[in-house]
Amino acid sequence: MSTVAIGDQRRKKEAIESLITDISKGRDDNVSASIRIAIERGWLDSMMDSLNDAKKRKDIEIDKICSKHYNDFLQSVQEMLKIKGSSVELIDLVSEINLDLNTSGD
């Protein structure tokens, strides 16, 4: 492959990545313009591949974030269960002390 062809491929990849970045920012006017540019330049297949790759990267990112928050949630539930157990013990102790006070006051 010639240097010119390699340079063209690199520019095409950079242009497609730029279009994907515009799309990922969610601006409606940029999405339609990006798709139109890809179609006009015959890049639709390459752009679809790049979109699929971007989707996979975002899916991985979402999984990581969800996993972290899910682990934090599980830790919080475990702490709440410990507190609940401690509160039951405390209620039993208070009831016992109350019973002792009531019986010693008679």
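Glu40 counts as exposed, at 61% relative accessibility. On this scale exposed means over 50% relative accessible area, buried means under 20%, and partly exposed lies in between, with a 1.4 Å probe and protein chains only.

A word on the source first. This is a predicted model, where local features need pLDDT of at least 70 and side-chain atom pairs count only at pLDDT 80 or more, while totals for chains, interfaces and linings use all residues. Residues are numbered from 1 along each chain as its sequence is written, and side-chain values use heavy atoms, with hydrogens and water left out.

Back to Glu40. Its side chain meets that of Arg36 in a salt bridge, at 3.8 Å from N to O. The term salt bridge requires a side-chain nitrogen of Lys or Arg within 4 Å of a carboxyl oxygen of Asp or Glu. Arg36 is partly exposed, with 47% relative accessibility. Helices here are DSSP runs of H or I with at least four residues, strands are runs of E with at least two, and both are numbered from the N terminus.

How many salt bridges does the structure hold? There are 4. Among them are two pairs in helix H3, which I take in turn.

Lys55 and Asp59 pair at 2.7 Å, N to O. They are 4 residues apart in H3, about one turn of the helix. Asp59 is partly exposed, with a relative accessible area of 31%.

Lys58 and Glu61 pair at 3.5 Å, N to O. These two are 3 residues apart in H3, so about one helical turn separates them. Both partners are partly exposed: Lys58 has 47% relative accessibility, and Glu61 has a relative accessible area of 38%.

The largest nonpolar core has 8 residues: Ile16, Leu19, Ile20, Ile23, Ala38, Trp43, Met47 and Ala54. A nonpolar core is a set of buried Ala, Val, Leu, Ile, Met, Phe, Trp, Tyr and Cys residues joined through side-chain atoms within 4.5 Å. Which elements give two or more residues to this core? They are helix H1 (3-24) and helix H3 (44-104). H1 gives the most, with 4 residues.

Leaving aside neighbours within four places in sequence, Met47 is in contact (heavy atoms within 4.5 Å) with Ile16, Leu19, Ile20, Ile23, Ser34, Ile35 and Ala38.
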